[in-house]
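Student: Hi! I've got a structure open and would like to talk it through with you.
Tutor: Happy to, let's have a look together.

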Amino acid sequence: MPSPMVLSLLDQAWSLGFRGSVGFHHYSEPFLDDRNIQLAQEAKQRGMKPYLHTNGDLLKGDAQLCKNVINNYESIVAGLYDYENNTQFEHAKHYWMNRLKRANLQFPTIGLSGSVGANSMGVPRALVPTDTRMALPDLIYANAPCQRPLIRMIIQHNDEVCNCCEDTSGAFKPGNVYQQSLEELWFSAHHIQVVQNLAEGNREKYILCHNCPLPPSTTVQGPKKIVITPRHHTAAKTR
């Protein structure tokens, strides 16, 4: 996305009163874009909180980049995927804690085979099978409330808006930032309807949500019980 558009989006968000977290990635490595630190600085100047998800490869050999990251990012998530046992896992964590001292550092890990402490948001799970290293059952929650479209606004490099982290291709078609402002997109009748449907647990209205393994984001109101079924059963029916 051209820099003028990125800065325009930050300005639009600022004018709407947004002062929350901003990330310059979406299932991609942020430092493949040379503008990354500059964009983080622009977000900070507007009172926002830049946060970073990185595999760390480009940080390993660049001390100045590490310093810039520490100085400009409110929080940093370092992906740890290249380990084969718990000793290597702990070594990798200590490496990054020493490499990025004073940083607010987190680790979204995928556990070893048979582990029970795995948790990861490293892949869009609605579109892929559950990783065998994750100690999570491959389930769907057919009528579970979901408020994730209210948590964040995702704008892809091609200017299309996505509904949530699972929506990697703009499947909900909420709009394009070149054709509408952030305010128009966020408060559009289409976005409001999607938010309302999912908050009420109507996942069956959307193909992506119907097959989504993410659990309820809020408690269920009233006597209704959430229907929980193995995800592969649903996949078999939809083929």
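Student: Let's start with charges. How do the side chains of Glu42 and Arg46 meet?
Tutor: They meet in a salt bridge, with N to O at 2.8 Å. Keep in mind that this is a predicted model.

Student: Are Glu42 and Arg46 buried or exposed?
Tutor: Glu42 is buried, and Arg46 is buried too.

Student: How many salt bridges does a search of the whole structure find?
Tutor: The search finds 4. One of them pairs Lys93 with Glu90, at 3.5 Å from N to O.

Student: Where do Lys93 and Glu90 sit relative to each other?
Tutor: Both are in helix α4, 3 residues apart, so about one helical turn separates them.

Student: OK, changing topic. How many residues are in the largest nonpolar core?
Tutor: It has 33 residues, and Leu59, Val69, Tyr73 and Leu100 are those with the most contacts inside it. Two or more residues each come from α1 (3–15), α2 (36–45), α3 (63–72), β3 (75–78), α4 (86–99) and α5 (182–186).

Student: Which element gives the largest share of this core?
Tutor: That's α1, with 5 residues.

Student: And what is Leu59 in contact with, leaving aside its neighbours within four places in sequence?
Tutor: Its contacts are Phe31, Thr54, Leu65, Cys66, Val69, Trp96, Arg99 and Leu100. There is also a second, separate core of 7 residues, and Cys146, Leu198, Leu208 and Cys209 are among them.

Student: Cys146, noted. How far apart are the C-alpha atoms of Leu214 and Cys146?
Tutor: They are separated by 8.7 Å, while along the chain the two residues are 68 residues apart. Leu214 lies in the loop between α7 (207–210) and β8 (228–230).

Student: Is Leu214 buried or exposed there?
Tutor: Leu214 is buried, with a relative accessible area of 5%.

Student: Back to helices, then. At roughly what angle do the axes of α2 and α3 cross?
Tutor: Roughly 20°, and the axes come within 10 Å. Angles under 35 degrees count as roughly parallel, so α2 is roughly parallel to α3. The crossing of the two is left-handed.

Student: Which residues make the contact?
Tutor: On α2 they are Ile37, Ala40, Gln41 and Lys44, and on α3 they are Leu65, Asn68, Val69, Asn71 and Asn72. You have met Val69 already, as one of the residues with the most contacts inside the largest nonpolar core.

Student: Last topic, backbone angles. What is the phi of Asp159?
Tutor: It is positive, about 80°, although Asp159 is not a glycine. Asp159 lies in the loop between β6 (154–155) and β7 (161–162), and at 13% relative accessibility Asp159 counts as buried.

Student: And what about the phi of Lys173?
Tutor: Lys173 has a positive phi as well, about 50°, and is not a glycine. Lys173 is in the loop between β7 and α5.

Student: Does Lys173 count as buried or exposed?
Tutor: Exposed, at 63% relative accessibility.

Notes
Residues are numbered from 1 along each chain as its sequence is written. This is a predicted model: local features need pLDDT of at least 70, side-chain atom pairs count only at pLDDT 80 or more; totals for chains, interfaces and linings use all residues. Side-chain values use heavy atoms; hydrogens and water are left out. A nonpolar core is a set of buried Ala, Val, Leu, Ile, Met, Phe, Trp, Tyr and Cys residues joined through side-chain atoms within 4.5 Å. Buried means under 20% relative accessible area, exposed over 50%, partly exposed in between (1.4 Å probe, protein chains only). Helices (H or I, at least four residues) and strands (E, at least two) are DSSP runs, numbered from the N terminus. Contact means heavy atoms within 4.5 Å. Axes are lines fitted to C-alpha atoms, for helices over the stretch in contact, and angles run from 0 to 180 degrees between N-to-C directions. Angles under 35 degrees count as roughly parallel, over 145 as roughly antiparallel, 65 to 115 as roughly perpendicular and the rest as oblique. A crossing is left-handed if the near helix is turned anticlockwise from the far one by less than a right angle, and right-handed if clockwise.
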